[in-house]
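Me: Could you walk me through this one? I'd like to go through it piece by piece.

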Amino acid sequence: MDCTEAKTLLLARRRASLDADARAQVDAHLAECAACRHEDAADAQLSMLLEKRLPRPDAPASLKRALEERWIVPARPRKMGRIARTSAAMAVGAALAIAGLYAWHARAPDDALVAEAVNDHLRVLYSDHPLEVESGGIHRVKPWFEGRLDFAPVVEFAGDDDFPLLGGAIAYFIDRKAATFVFKRRLHQITLFVFRADGLHWPVAAPVTVGAAEGSIVTLRGFHVISWRQGDLGYALVSDANEGDLRTLATKIAGP
Ligand SMILES: [Zn+2]
């Protein structure tokens with residue numbers, strides 16, 4: 001098992017949703033690989049922060065901006081030393097603490113997909129290594145997923161001047177792997193998750209037309225989540241960019 005595969009499974013391992021065989025392989029990799037152990041520890045801390053201490057929905061824009069800028073620096077991990085990355089992570093932790101504690105309420109099943117999308121978006125924003133493949137265009141990002149997923153993520157949109165594609169990564173979405181694409185709109189990061197749609201509870205509130213598909217748009221803690229299904233695949237698009245911009249991007253991704 002290589003580092004990329006191991007990192008993909010760290011979250012599933014902590015959620016105890018790996019089968020015994022996969023778990024043993026990840027454990028064996030962690031026993032040998034200090035870099036992945038560090039990643040696992042940092043990500044565990046991040047998960048705790050995301051689940052227990054989130055900025056209030058009305059956190060000032062300046063704070064959100066500060067958090068996003070924290071993320072933009074670690075986006076080039078090869079140029080950052082460990083100390084810089086650690087201090088960035090600490091700064092995020094401090095900023096989250098300053099933002100105030102957010103009480104995490106039990107949610108209806110319909111909201112689980114939306115909550116997961118927001119958490120996973122934050123996980124991308126605050127990660128040490130948010131992008132496994134940096135964009136040289138969609139033609140470099142899409143082939144990277146081959147062999148790493150058991151489905152082909154269908155995304156018609158290649159990025160443009162309004163919504164440049166920054167890159168991609170594998171994420172773990174609820175109980176399954178997802179292709180993650182990161183776009184940008186001015187200073188806002190936008191994360192797209194593409195995953196197998198079967199067996200999930202889809203939001204039914206706030207229906208919205210997404211190109212040829214019907215979806216839903218929900219706002220949670222200041223982040224908009226547009227989710228929709230196309231064929232066997234599910235899509236969740238998340239950002240604090242304005243709703244109109246997010247709808248525009250969703251339509252580009254879904255196709256007319
Ligand atoms: Zn490793």
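Reply: What follows is a short exchange about the metal site, some strands and one loop.

Me: Before we start, what kind of model is it, and how are the residues numbered?

Reply: This is a predicted model, in which local features need pLDDT of at least 70 and side-chain atom pairs count only at pLDDT 80 or more, while totals for chains, interfaces and linings use all residues. Residues are numbered from 1 along each chain as its sequence is written, and side-chain values use heavy atoms, with hydrogens and water left out.

Me: Which protein donors does the zinc ion have?

Reply: They are Cys3 (SG), His29 (NE2), Cys33 (SG) and Cys36 (SG), at 2.0 to 2.4 Å from the zinc ion. Donors here are N, O and S atoms within 2.8 Å of the metal (3.2 Å for Na, K and Ca), and since water is not among the atoms, sites may look incomplete.

Me: And what geometry does the site have?

Reply: The site of the zinc ion is tetrahedral, with angles of 100 to 115° among its four donor atoms; four donors count as tetrahedral if all angles lie between 85 and 135 degrees. Cysteine 3 belongs to helix α1 (residues 3-14) and histidine 29 to helix α2 (residues 20-32), so this pair ties together parts 26 residues apart in sequence. Helices (H or I, at least four residues) and strands (E, at least two) are DSSP runs, numbered from the N terminus.

Me: Is histidine 29 buried or exposed?

Reply: Histidine 29 counts as buried, at 12% relative accessibility, whereas cysteine 3 is partly exposed, with a relative accessible area of 31%. Buried means under 20% relative accessible area, exposed over 50%, and partly exposed in between (1.4 Å probe, protein chains only).

Me: Switching to the strands, what does β6 pair with?

Reply: β6 pairs in the antiparallel sense with strand β5 (residues 207-210) over four bridges, and in the antiparallel sense with strand β7 (residues 223-230) over six bridges. Two strands pair if DSSP finds at least two bridges between them. Serine 216 in β6 is the bridge partner of proline 207 and also stands opposite serine 227 in β7.

Me: Why call β6 largely enclosed?

Reply: Six of the eight residues of β6 (residues 213-220) are buried, so the strand is largely enclosed by the rest of the structure.

Me: Last one: where is proline 130?

Reply: Proline 130 sits in the loop between α6 (109-126) and β1 (133-134), and is buried, with a relative accessible area of 7%.

Conventions
Tetrahedral: all angles 85-135°; square planar, octahedral: opposite > 155°, others 65-115°.
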